[in-house]
Amino acid sequence: MITAVELGLIYAVMALGVYLTFRILNFPDLTIDGSFTTGASVAAIMIVNGAPPLLSTVAAFAAGLIAGIITGLLHTKGKIDGLLAGILTMIALYSINLRIMDGSANIPLLREDTLITPLRENDWLGSWQSILIFAVVALAVKFFLDWFLHTDLGLAMQATGDNQEMIRSFGVSTDRQKILGLALSNGFVALCGALIAQYQGFSDISMGIGLILVGLASVILGQAIFGARLIMISTLAVILGSILYRIVIFGALEIGFNPSDMKLISALLVVVALVMPQWKAVKRLQGLTTLKKLNASAKARGSYVGS
């Protein structure tokens, strides 16, 4: 269970990146399936070649920024549909990631010093100390997003996702907002990939496949349960949703599901999270209908049932 919470906190960094495009920009970005592996491969190859782990992780973040910029340019300057632009970048990144890893599909890091090495040496992995450390990382990204989205630039980005025509009439370049949002999003995704590679001790070419489903599950599940009215609440809900997702996966494995079933479970979680608000709306409508009937009956008897 503690390991599930650890992974949930690390993957929360990726989920916050997905939140930036999916909720703020209203952009269906599939680049993250490739940029996640890009971050992992850049960090792994640099660490293997003797670079400091922190510098390698920062370089992974920068590589994610570049991947997001490419998708943004394809969409805004190349006039390619957003969904297709993300798919094209994701496909191209598969070959690029193989080149980054010198043609190898897997790079082991078990004998290398990484950011996770001090935690392993002190036996903190799988303990509350590591949860506290990973929580600090996730909250740092959350607080950065909270601050950024309340700046003039961040408010313009929110307006771009809400109503492009309106914000464009005020002289704001929506193309720049999209490029910036996609760059930051994929930067956080690549950062998460670098941390996961160091956490699990290897980078693999297929580690990002289907990651968009994990990110969407974390965002939608968290906001459906914990709310999404304010930015600060939304970002916290994304982190809690990421943890909840990992706990559900852990529980599914514990009761006997096969690891090959995890994609199906993820899809079902997303479906449940999407349908949940509709259930709430239906129940609210049924409650109002019942109240109206009670009031009508009460008025007929000369009394009244309050709201």
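1. Lining of the largest pocket. By class, 16 nonpolar, four polar and three charged residues make up the lining of the largest pocket. Keep in mind that this is a predicted model.

2. The largest pocket holds about 630 Å³ of space. It is lined by 23 residues. Closest to its centre are Tyr11, Arg246, Ile249, Met262 and Lys263.

3. Who builds that lining? Which elements each supply at least two residues of the lining of the largest pocket? They are α1, α9, β2 (202-204), α10, α11 and α12. The top contributor is α11, which gives five residues.

4. The second largest pocket. Its volume is about 250 Å³. The residues that line the second largest pocket are Leu54, Thr57, Leu115, Ile116, Leu119, Ile133, Phe134, Val137, Leu191 and Leu195. Two or more of the lining residues come from each of α3 (53-76), α6 and α9. The largest share belongs to α6, with three residues. By class, this lining has nine nonpolar residues, one polar residue and no charged ones.

5. The main core. In soluble globular proteins, nonpolar side chains tend to be buried together. Here the largest nonpolar core has 69 residues. Which of them touch the most other members? The answer is Leu9, Met14, Phe36 and Cys192. Two or more core residues come from each of α1, α2 (32-48), α6, α9, α10 (211-226), α11 and α12 (262-300). The largest share, 13 residues, is from α1.

6. A closer look at Phe36. Leave aside residues up to four places away in sequence. Phe36 then touches Tyr11, Val189, Cys192, Gly193, Ile196, Met207, Gly208 and Leu211. One of these partners, Cys192, is also among the core residues that touch the most other members. Another partner, Tyr11, is one of the residues closest to the centre of the largest pocket.

7. A separate core. Another core, of five residues, lies apart from the largest one. Its members include Val42, Ala43, Ala63 and Ala194.

8. Helix α7. This helix spans residues 152-162. Which of its residues are buried? Gly154, Ala156, Met157, Gln158, Ala159, Thr160 and Gly161 are. What do they pack against? Their partners are α1 (2-24), α6 (128-148), α8 (164-169), α9 (174-200) and α11 (231-254).

Notes:
Residues numbered from 1 in each chain as written. Predicted model: local features only at pLDDT ≥ 70, side-chain atom pairs only at ≥ 80, totals over all residues. Heavy atoms only, no water. Buried < 20%, exposed > 50% of the residue type's maximum accessible area, 1.4 Å probe, protein only. Helix = DSSP H or I, 4+ residues; strand = E, 2+ residues; numbered from the N terminus. Contact = heavy atoms within 4.5 Å. Core = buried A, V, L, I, M, F, W, Y, C linked by side-chain atoms within 4.5 Å. 1 Å grid on protein atoms, 1.4 Å probe; cavity = no way out; pocket = protein on both sides within 12 Å on 5 of 7 lines; lining within 4 Å. Points joined across faces, edges and corners; volume = space filled by probe spheres on them. Nonpolar A, V, L, I, M, F, W, Y, C, P; charged D, E, K, R; others polar.
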